[in-house]
Amino acid sequence: MISKTGRAMAAGALFAILLGGAVALPPTLVAQDAAQSDSTASRLVARGKRLYVFCQACHATEIVSGSKIGPNLAGIFNRQVAVLEDSIYSDALKAQDFVWNEEKLDLWLQRPFDLVPDTSMNFAGLPQARNRAALIAYLKTL
């Protein structure tokens with residue numbers, strides 16, 4: 001929550017900017033905004049970690065030798081698709097040439113068969129965008 005003084009200072013800064021002047025925000029407002037942003041990101045990651053419960057039966061999250069049924073997801077973000085030597089991938093997934101970024105993870109989590117037809121992953125998908133965003137935020141921390 002921003003105090004009355006903080007709101008007044010922010011309003012004054014906005015007014016000055018609208019009139020064409022450059023005004024630096026007070027450090028307390030900048031810190032409050034950063035803290036609020038960190039809090040939102042933390043909640044998103046926490047939600048993703050809770051959603052990961054549906055993935056953990058098949059996917060590990062720690063770097064270990066060997067895999068579960070599915071590939072290890074530790075370090076998946078910005079990793080080339082189907083590259084872990086100790087994992088079993090479908091021929092359809094091995095034929096792909098992309099990196100697991102937010103866009104690809106979102107498409108995959110929404111409906112794997114739409115991104116890679118004939119994939120062997122037995123997962124119908126997450127239809128809600130907010131759940132996919134949370135799970136991706138968590139995967140990025142691994």
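With a disulfide taken as a pair of cysteine sulfur atoms within 2.5 Å, the count is zero. The structure is a predicted model, in which local features require pLDDT of at least 70 and side-chain atom pairs count only at pLDDT 80 or more, whereas totals for chains, interfaces and linings use all residues. Residues are numbered from 1 along each chain as its sequence is written, and side-chain values use heavy atoms, with hydrogens and water left out.

Accessibility was classed as buried (under 20% relative accessible area), exposed (over 50%) or partly exposed (in between), using a 1.4 Å probe and protein chains only. Cys 55 is buried at 15%, whereas Cys 58 is partly exposed at 30%.

Asn 72 is located in the loop between helix 2 (27–51) and helix 3 (91–94); helices are DSSP runs of H or I with at least four residues, numbered from the N terminus. The relative accessibility of Asn 72 is 7%, and the residue therefore counts as buried. Its side chain reaches the backbone oxygen of Glu 62 at 2.5 Å.

Ile 136 belongs to helix 6 (residues 129–139) and is buried, with a relative accessible area of 6%. Residues up to four places away in sequence aside, Ile 136 touches Glu 102, Leu 105, Asp 106 and Leu 109, contact meaning heavy atoms within 4.5 Å. The C-alpha atoms of Ile 136 and Phe 77 are separated by 8.6 Å, although the two residues are 59 residues apart along the chain.

Terms used: Helix = DSSP H or I, 4+ residues; strand = E, 2+ residues; numbered from the N terminus. Polar contact = N/O pair within 3.5 Å; in protein donor to acceptor, adjacent residues only side chain to side chain.
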